[in-house]
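Here is a friendly briefing on charged side chains and how they pair. Have a look at the model first, and then we can walk through it together.

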Amino acid sequence: MQVWPSAKIRVHLGVALSFAALGLFGAVFSAWPWPGALVGLVLGAAWYLWMAGTYHKRRALVANPFPTHWRQILERRVDFYRQLPIDGEARQRFEDDVRIFLAEQHIYGAGQGPQQLEVEDETRLLIASSAAILGHGMPNFEWPRMRDIVVHPRAFDEDYASEDHADIAGMVHYQGPILYSKRDLALGFRRRDGHNVGLHELAHVLDMADGHVDGVPVGASWASSAPWLEVVTDRLRKLRSHRYKKTLRDYAGTNEAEFFAVAVETFFERPHKLRDDDPELYAMLRDYFGQDPAATPARRGPRQFR
Ligand SMILES: [Zn+2]
């Protein structure tokens, strides 16, 4: 996410000053000079606040030291963060993305009144880390203004009840909230097994951001291009006839949207396996996300809580 895009802000400032100048210019040749000047100034100020206010808030936010206990949680729970060089630009950018995401998104627990689930920092940081991981290779990428993010204590069913049979770990409504099971979110960061509901649901958000739920993420240079559609069609056919290697879990065969979301989980959690088994799919995701996670040495075994 961009903290202070100077060129863009200069353009907004230029437009705002133009409004003000037009107002003043009109005032000189008007029978009622002050209303004209005032309208120009108000329009200019409103334009600037609307277009650049977010960046002023972001710049003030990242000027503060990153909370030490947040850093400790990220070190302990987020492999991706721990692998970024200490004191390097990449780690700084990850931290900035995390706190901007937390400042601009509305995360709260399911339930009401005394029954409402309290969402502690660790859960918030895992959600924000999911966004920071996906966007890390796209510094200019901006998440669409998100809906509410509601945290349930554990898996839930279609009625959002956490009964014994419930098996939904996360969900994105097309124009509604994003729902997470806190327990499954934590599990996703505990093991590198291709299951990470944090990444999965935000991958759906990338898919939906262009207005279509079709497994083609927003901003992809290969969006709707024949090679990608051919790859998806081919892999879906193989998944459904059990002729695809066990690289992606079976759920990827549900439809195009789930194929993309599961492929994203695998790309970040088991990149070496995906690169070796399906280099064509790996290369497309690498180009889209601007990251090459298989370029770092493979780690062995699931990581346990520390
Ligand atoms: Zn899904």
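Which residue forms a salt bridge with arginine 91? The partner is glutamate 75, with the closest N and O atoms 2.7 Å apart; a salt bridge here is a side-chain nitrogen of Lys or Arg within 4 Å of a carboxyl oxygen of Asp or Glu. Please keep in mind that this is a predicted model, where local features need pLDDT of at least 70, side-chain atom pairs count only at pLDDT 80 or more, and totals for chains, interfaces and linings use all residues. Residues are numbered from 1 along each chain as its sequence is written, and side-chain values use heavy atoms, leaving out hydrogens and water.

**Arginine 91 and glutamate 75**
- Arginine 91 counts as buried at 6% relative accessibility, while glutamate 75 is partly exposed at 24% (buried means under 20% relative accessible area, exposed over 50%, partly exposed in between, with a 1.4 Å probe and protein chains only).

**Glutamate 122 and arginine 77**
- The side chains of glutamate 122 and arginine 77 meet in a salt bridge of 2.5 Å, N to O.
- Glutamate 122 sits in helix 6 (residues 121-135) and arginine 77 in helix 3, 45 residues apart.
- Arginine 77 is buried, with a relative accessible area of 1%.

**Glutamate 280 and arginine 235**
- Glutamate 280 and arginine 235 also form a salt bridge (3.1 Å, N to O).
- Arginine 235 is buried at 8% relative accessibility, and glutamate 280 is partly exposed at 43%.

Technical notes
Helix = DSSP H or I, 4+ residues; strand = E, 2+ residues; numbered from the N terminus.
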